[in-house]
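My notes are kept in the order in which I checked them.

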Amino acid sequence: MFVPLPPDAATAVRSYLRLADRILPGGIIACAVTGSIALGAYRPGRSDIDLVAVIADEWLDRPDLIRRLRLLHLSQVPRLVVEAARGRGVSACCNTVFIAESEVSRPVTEIRPIASHTGEIFDSHGAFDVNPVIWKELVDGGITVRGRPIAAWDLDAQTEALRPWVRTNLREYWTPLAAQLRDRPRRTPRTLFQRLLTSPRGLSAGTVAWCVLGPARMHHTLATGEIIGKEAAGRHGLDAFPQHAPITEVALAKVRGARIPSAPSRAQWRALTASAMEDMITASLG
């Protein structure tokens, strides 16, 4: 059954694929939407657009393939600038992972991504989103925007690897992130996100949402085997970790585009966020 994209997302995807066809003629032979759209959690003006694009094998030996994919990424810059000026971050921008036609049906943990881009970052060596979580999103709710329906892609999401992958992600990404929040290292932060974590002005509501709702999503997936969006993760966090309701409400308000609660004060956000993350991670890995 055909599921239409939200209007602003449909416009962005059409524009993106038109540019792709000019930069890589015949290169993208299949493409599907995952992320918040696949989860039914897309919010116009606040959500980005996550794509998995399949590159024709005949392009793989082209020495200019990565250069052309980088140009496709740069085509997003005008939209990024406009959205940032409107205070919307990377909403309505396409974040894409590229995989080879011959790799589509391989077990997801064995796929060798060609490249990827997210927001202002281009990765010419890999793609984080080629993993069991995203592949489950594709299988369960992915929407094809080019090529055969998802059911005909013959995807192997490796359901047996889902929980081990989530536990590894909690240990290797979320645990150090919580520690960085707690410790506020004195070394100069190297990335934009690290600067947001260590800013003397305190955390932004967007950073709180990322840090609180990420572990809440992981906790829910380990408990149920299902993938949920950020707002659903916030509701799950309120139910499973009511002691962290004040900071979770801050995260939920940001996701919903609602007024940020006046309490707790922003000065408390860092400690409360770190505490919520630590409890969620401990409960997930215990």
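The entries below go through the model topic by topic.

**Ground rules.** I am working with a predicted model, in which local features need pLDDT of at least 70 and side-chain atom pairs count only at pLDDT 80 or more, while totals for chains, interfaces and linings use all residues. I number residues from 1 along each chain as its sequence is written, and side-chain values use heavy atoms, with hydrogens and water left out.

**Cores.** I looked up the nonpolar cores, meaning sets of buried Ala, Val, Leu, Ile, Met, Phe, Trp, Tyr and Cys residues joined through side-chain atoms within 4.5 Å. For burial I use relative accessible area with a 1.4 Å probe and protein chains only: buried is under 20%, exposed is over 50%, and partly exposed is in between. The largest core has 50 residues, and those with the most contacts inside it are Ile 99, Val 130, Trp 135, Trp 153 and Val 208. Helix H8 (205-224) is among the elements that supply at least two residues of this core, and H8 gives the most, with 9 residues. I take helices (H or I, at least four residues) and strands (E, at least two) as DSSP runs, numbered from the N terminus. Apart from this core lies another, of 31 residues, including Leu 5, Tyr 42 and Ile 143. For Val 208, I set aside neighbours within four places in sequence and found contacts with residues including Leu 203, Ile 247, Val 250 and Trp 269, where contact means heavy atoms within 4.5 Å.

**Charged pairs.** I counted 14 salt bridges in the structure, each a side-chain nitrogen of Lys or Arg within 4 Å of a carboxyl oxygen of Asp or Glu. Arg 43 pairs with Glu 231, and their closest N and O atoms are 2.5 Å apart. Because Arg 43 lies in the loop between helix H2 (35-38) and S2 and Glu 231 in helix H9 (residues 230-240), this pair ties together parts that are 188 residues apart in sequence. Glu 231 also meets Arg 235 in a salt bridge of 3.7 Å, N to O, and shared partners join Arg 43, Glu 231, Arg 235 and Arg 256 into one network. I also noted Asp 140 with Lys 136, at 2.8 Å between the closest N and O atoms; both lie in helix H5, 4 residues apart. Asp 140 is exposed at 51% relative accessible area, whereas Lys 136 is buried at 14%.

**Cysteines.** I found 0 disulfides, a disulfide being a pair of cysteine sulfur atoms within 2.5 Å. Cys 31 is in none, and the nearest cysteine sulfur, that of Cys 94, is 7.8 Å away. Cys 31 counts as buried, at 0% relative accessibility, and so does Cys 94, at 1%.

**Backbone.** Most residues other than glycine have a negative phi, and most peptide bonds are trans. Against that background I noted a cis peptide bond between Ala 263 and Pro 264, with omega of about 5 degrees; Pro 264 is in the loop between helix H10 (245-256) and helix H11 (266-285). Asp 154, not a glycine, has a positive phi of about 60 degrees, and Gln 158 has a positive phi near 50 degrees. Asp 154 is in the loop between strand S6 (143-146) and helix H6 (159-183), and Gln 158 is likewise found between S6 and H6. Asp 154 counts as exposed, at 54% relative accessibility, while Gln 158 is buried, at 10%.
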